[in-house]
Amino acid sequence: MSDTIVIIGAGQAGGWTAKTLRDKGFTGRLVVVGDESWDFYERPPLSKSALQQAQPPFSPLFSAETLAALNLEWRRPLRAEAIDRAAQEVVLSSGERLRYDQLVIATGGQARLPGREWQAHPRVYTLRSWDDATRLRAGLSAGQRVAVVGGGWIGLEIAATARGLGKAVTVFESQPRLCQRSVDPDVSSGLLALHQSHGVTVHLNCGAVTLDDQQGLALIGSAATEQQAFDCVVVGIGVTLNSELAARAGLKVAQGIVVDARGRTSDPAIFAVGDVAQHPRLGLCLQSWAWAQNQAIATAAAMRDPQAPEYDDGPWLWSDQYGHNIQILGLPGVADRTWIRRQPAGDVYFSLDERGRLTQLVSFNDPRTVKLARRWQASDRELDPAQLVNPEFSLMSLK
Ligand SMILES: Cc1cc2nc3c(=O)[nH]c(=O)nc-3n(C[C@H](O)[C@H](O)[C@H](O)COP(=O)(O)OP(=O)(O)OC[C@H]3O[C@@H](n4cnc5c(N)ncnc54)[C@H](O)[C@@H]3O)c2cc1C
């Protein structure tokens, strides 16, 4: 068994890996390399409560006592620059070489920008880290006109939060609909209606959005709009996964780092967890809180016991917008048809395949149905659309 385990990346997945290794009895040297200065933390609050309050408290993943009990050797803020697989060493930005018996890559991703000029503009922000949220909070307080570039989940959450702060918000989406990659057209329409009903201006079909400077303000132009000046521009157009370290070390990388259902990469001494690890069955990176936590826990357990249960859960994520809790379970299929159940608390969208099996459920404020839907998916249950859309019909009778 290992004497030294090195974890690269001190985010949510890195944190759960460290904690689980200790919970499972690992008593050896556990070294965590992180390029942020903070203890492990979760990112979902960054686009929600961390922007709403003037001085939100930093909320770590683990209490101070739990963290101390993990007995970690920190290397921070430092970057892992290379992995020398032959020597089983990680090379740090400080020049130190850390020998490992087992290595975990938990490097997540970084927010993308449309071009280099965006990085230099003082009114442009991205949101990935606690430090980004601190900067964005200041940016949001600097003026009224806020542009959100990108109508995906993070962009829409920022739009909703900025509206809650009383800002005039304009969303620029390159595609014909919101959240195009993750939900079907009916859900996109529901999201559009939600944002418009809260006074957000949404421009679709924007193509590549342009940035110019107008005396310090950001001028945003697009295929669908005239140029417009903004006090604050937040870009939420997706993430570049931090997989280059793995690729340079010769590990198999596709969309993300290729791992099996126990988190093992193409090198048996190296594991990958969280956003940067590709789902073993679906062949894509889920980039969600649930995957970052549960796949990391399962991987750490398997590092201690190669026969530990495999982890293969499908996609589940949530988003909070305007006080609505939106949960997304599964992925939409190309041949699916979507059925909408209209309820007083919020709509529920069921995407069914040609055999009536649920491929994706999107629920507004209905966590009970999400729970139930997990069972339907697990048992491959055939569903009757007439029952699903009838608000008089109790879905609980389909337990
Ligand atoms: C603003 C925001 C809101 C979100 N909201 C939701 C939500 O509502 N629901 C949901 O399901 N999911 C949400 N997510 C997604 C969820 O937070 C991520 O899936 C999760 O954080 C992934 O965890 P991770 O540990 O894999 O990566 P990260 O949390 O990104 O951690 C990776 C860490 O590794 C560090 N690192 C990278 N490269 C190196 C290196 N070479 N050397 C040292 N350190 C390195 C990074 O700086 C970072 O600290 C949200 C994400 C963001 C950014």
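Colleague: How much area do domain 1 and domain 2 bury between them, and what makes it buried area?

Modeller: In this predicted model, the two domains bury about 1400 Å² between them, with 60% of it on carbon and sulfur atoms. The figure is called buried area because it is the accessible area (1.4 Å probe) that two parts lose on being put together, summed over both. On the side of domain 1, Leu 46, Ser 47 and Leu 51 lose the most area to domain 2, together 41% of what that side buries.

The model is predicted, and local features need pLDDT of at least 70, side-chain atom pairs count only at pLDDT 80 or more, while totals for chains, interfaces and linings use all residues. Residues are numbered from 1 along each chain as its sequence is written, and side-chain values use heavy atoms, with hydrogens and water left out.

Colleague: How many residues of domain 1 and of domain 2 are in contact, and what does contact mean?

Modeller: Contact means heavy atoms within 4.5 Å, and by that rule 18 residues of domain 1 are in contact with 13 residues of domain 2.

Colleague: Why are Lys 48 and Glu 157 called a salt bridge?

Modeller: The term requires a side-chain nitrogen of Lys or Arg within 4 Å of a carboxyl oxygen of Asp or Glu; the side chains of Lys 48 and Glu 157 meet at 2.9 Å, N to O, and therefore qualify. Across the interface of domain 1 and domain 2 the rule finds two salt bridges, and the structure holds 20 salt bridges. Another salt bridge joins the side chains of Lys 19 and Asp 23, with 2.9 Å from N to O; both residues lie in helix H1 (residues 12–23), four residues apart, about one turn of the helix. Helices here are DSSP runs of H or I with at least four residues, strands are runs of E with at least two, and both are numbered from the N terminus.

Colleague: How do you know that E13 and E14 are paired?

Modeller: Two strands pair if DSSP finds at least two bridges between them. Thr 210, for instance, has Gly 221 in E14 as its bridge partner. E13 and E14 form a hairpin with two residues between them, and Gln 215 in the turn has a positive phi of about 45°.

Colleague: Why is one side of E9 and of E12 left without a neighbour in the sheet?

Modeller: Five strands form an open sheet in the order E9-E16-E10-E11-E12, with parallel pairing. Strand E9 (124–125) and strand E12 (201–203) stand at the edges with a single partner strand each, so one side of each has no neighbour in the sheet. Within this sheet, strand E10 (residues 145–149) and strand E11 (residues 168–172) pair in the parallel sense over five bridges, and Arg 145 has Ala 168 in E11 as its bridge partner.

Colleague: Which peptide bond is cis at Pro 77, and where does Pro 77 lie?

Modeller: The peptide bond from Arg 76 to Pro 77 is cis, with omega near -10°, and Pro 77 is placed in the loop between strand E3 (73–75) and strand E4 (80–84).
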